Amino acid sequence: MTAPRKAIVAGAGIGGLTAAIALQRAGWQVKVFEAAQTLRTGGTGLSVMANAMAALHSIDAHLPVEQAGQVIRDFFFKKHQGEAITRMPIHEIGEQLGHPSVNIQRPLLLRALAQQLAPDTLTTGLRCTGYEPRPDGVTVRFEDGSLQEADLLIGADGLNSVIRQQMLGETPTRPSGYVAWLSVAPFSHPVMTEGYVAHYWGRGKRFGLCDVGNGQAYWWGTCNHENAADAALNISKQEVLAAYAGWAPEVVAAIEATPESALLKMHARDRHPVEQFCDGHVVLLGDAAHPMLPSLGQGAAQAIEDAVVLADRLARTPDLRTALLHYQAHRHPRANGIVNAARFMSGIEQAESTLACWAREWYMRLSPQSSLRKKNIDLLSFKPCP
Ligand SMILES: Cc1cc2nc3c(=O)[nH]c(=O)nc-3n(C[C@H](O)[C@H](O)[C@H](O)COP(=O)(O)OP(=O)(O)OC[C@H]3O[C@@H](n4cnc5c(N)ncnc54)[C@H](O)[C@@H]3O)c2cc1C
């Protein structure tokens, strides 16, 4: 019997944990190293869209996620005062595809994935600092000076990936041009029915309100800003409330219900797409490979798709370097297409001019449900094979 192949995963985010589960289920020996002292315990929520749920289902890892989250039932685009522009058929697409889209608190998602790892897979508080390629594998360096050898290193270390930097050199981030405020807070409102998601559109501003289950709401607000990177650091709850004065009552009430200490501030960024996700025995996935703006709610979903496709290619192709090239060839067109689509969508959603805001509203109002369904079905379908 041959010894199991060994993989090291840098980063215990959504992509890294999914990759570890998928590889362990395919018989690999996997170690995951996370720089932070614990898995992220605080923070916000996100939507795990139907394509990601399908990918998780393909490795039998979907149920704990579904159980910890809230299936999306109604998804609206609304005017800032609350009038519905259109309802997106997200629930119906999920039914058609056989996989729901799920809102979930980020720490609960990480826990639902981590609980599926074999014991002693995860080491926290140990930062990976780089790697030395070898002809038959890779030596991984850690910040405490230790070294580990493996057949495969997976760089799942997020937007500021050190593995990416070593593989591709400097690839600057691109600003989004807006600041984002986010939170999860106990909140209920008559408008917020079970499985509710609404994106409220203003001029140069948006607000998202999502039922993540268990009486909790995840909300986010975005606001155009000339110097978003610096502005993100210095904003109080009062300023957020002021930014959304006159918006729908549920928007204002959600911010009011949030303790200042639970408010996160950030500046979303992406990078210009690249077509290289691997080099020898080292491979990138998720935000390390293709960070994207959050407009389509697909960053984590693409990290999950990456992880599942990577494990599949490694199982199907005995030569590791060839398997990584197959992974790269299959994944970069889809993931990079979504990076570009998310940036395009972000421009539309953050529009400020009266004409642009009017055009986007009427475009959405006049789009029949059948056309919205057709436009979204590809995005929300997971296709593991080319
Ligand atoms: C405001 C906002 C809203 C979003 N909403 C959604 C949504 O609704 N749906 C969706 O699908 N996506 C969403 N996304 C995108 C999503 O959050 C990311 O795409 C996703 O988290 C990427 O997962 P990842 O595992 O690649 O990276 P990360 O989640 O960033 O995980 C990387 C991990 O690596 C660790 N790490 C970093 N460096 C090192 C190192 N050197 N060594 C070891 N560990 C290291 C980090 O601590 C972290 O735990 C959103 C993003 C933003 C900003």
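This is a predicted model: local features need pLDDT of at least 70, side-chain atom pairs count only at pLDDT 80 or more; totals for chains, interfaces and linings use all residues.

Trainee: Okay, the core first. Which residues have the most contacts inside the largest nonpolar core?

Mentor: Start with the general idea: in soluble globular proteins, nonpolar side chains tend to be buried together. Here the largest nonpolar core has 72 residues, and those with the most contacts inside it are Leu23, Leu152, Leu153, Ile154 and Leu314. Helix H10, covering residues 299–316, gives the most to this core, with nine residues. There is another core apart from that one, made of 26 residues, including Phe76, Trp181, Val240 and Tyr244.

Trainee: Can we zoom in on one of them? What is Leu152 in contact with, leaving aside its neighbours within four places in sequence?

Mentor: Skipping those neighbours, Leu152 is in contact with Lys6, Ala7, Ile8, Leu23, Trp28, Val138, His281, Val283, Leu314, Leu320 and Leu324.

Trainee: Now the ligand. Which residues come nearest to the ligand?

Mentor: There are 27 residues around the ligand, and Gly15, Glu34, Ser47, Arg106 and Asp287 come nearest. By class, that shell has 13 nonpolar, nine polar and five charged residues. Helix H1 (14–25), strand S2 (29–34), strand S3 (45–48) and H10 each supply at least two of the shell's residues. H10 gives the most to the shell, with three residues.

Trainee: Next, single residues. Is Asn376 buried or exposed?

Mentor: Look at the relative accessibility, where buried means under 20%. Asn376 has 15%, so Asn376 counts as buried. Asn376 lies in helix H13, residues 369–377. Not counting residues up to four places away in sequence, Asn376 touches Met88 and Ile93.

Trainee: What about Gly347, and why is Gly347 called partly exposed?

Mentor: Gly347 has a relative accessible area of 46%, so Gly347 is partly exposed. You'll find Gly347 in helix H11, residues 320–349. From Gly347 to Asn336 is eleven residues in sequence and 17 Å in space, C-alpha to C-alpha.

Trainee: Last one: backbone angles. What is the phi of Asp120 near?

Mentor: The general idea is that most residues other than glycine have a negative phi. Asp120 has a positive phi, near 65 degrees, and is a residue other than glycine. Asp120 sits in the loop between helix H5 (106–114) and strand S8 (122–124). With a relative accessible area of 66%, Asp120 is exposed.

Trainee: Where does Asn214 lie?

Mentor: Look in the loop between strand S16 (205–213) and strand S17 (216–224). Asn214 is not a glycine, yet has a positive phi of about 50 degrees. Asn214 counts as exposed because the relative accessibility there is 67%, and the cut-off for exposed is over 50%.

Conventions
Residues are numbered from 1 along each chain as its sequence is written. Side-chain values use heavy atoms; hydrogens and water are left out. A nonpolar core is a set of buried Ala, Val, Leu, Ile, Met, Phe, Trp, Tyr and Cys residues joined through side-chain atoms within 4.5 Å. Buried means under 20% relative accessible area, exposed over 50%, partly exposed in between (1.4 Å probe, protein chains only). Helices (H or I, at least four residues) and strands (E, at least two) are DSSP runs, numbered from the N terminus. Contact means heavy atoms within 4.5 Å. A residue is near a molecule or strand if one of its heavy atoms lies within 4 Å of it. Ala, Val, Leu, Ile, Met, Phe, Trp, Tyr, Cys and Pro count as nonpolar, Asp, Glu, Lys and Arg as charged, and the others, Gly among them, as polar.
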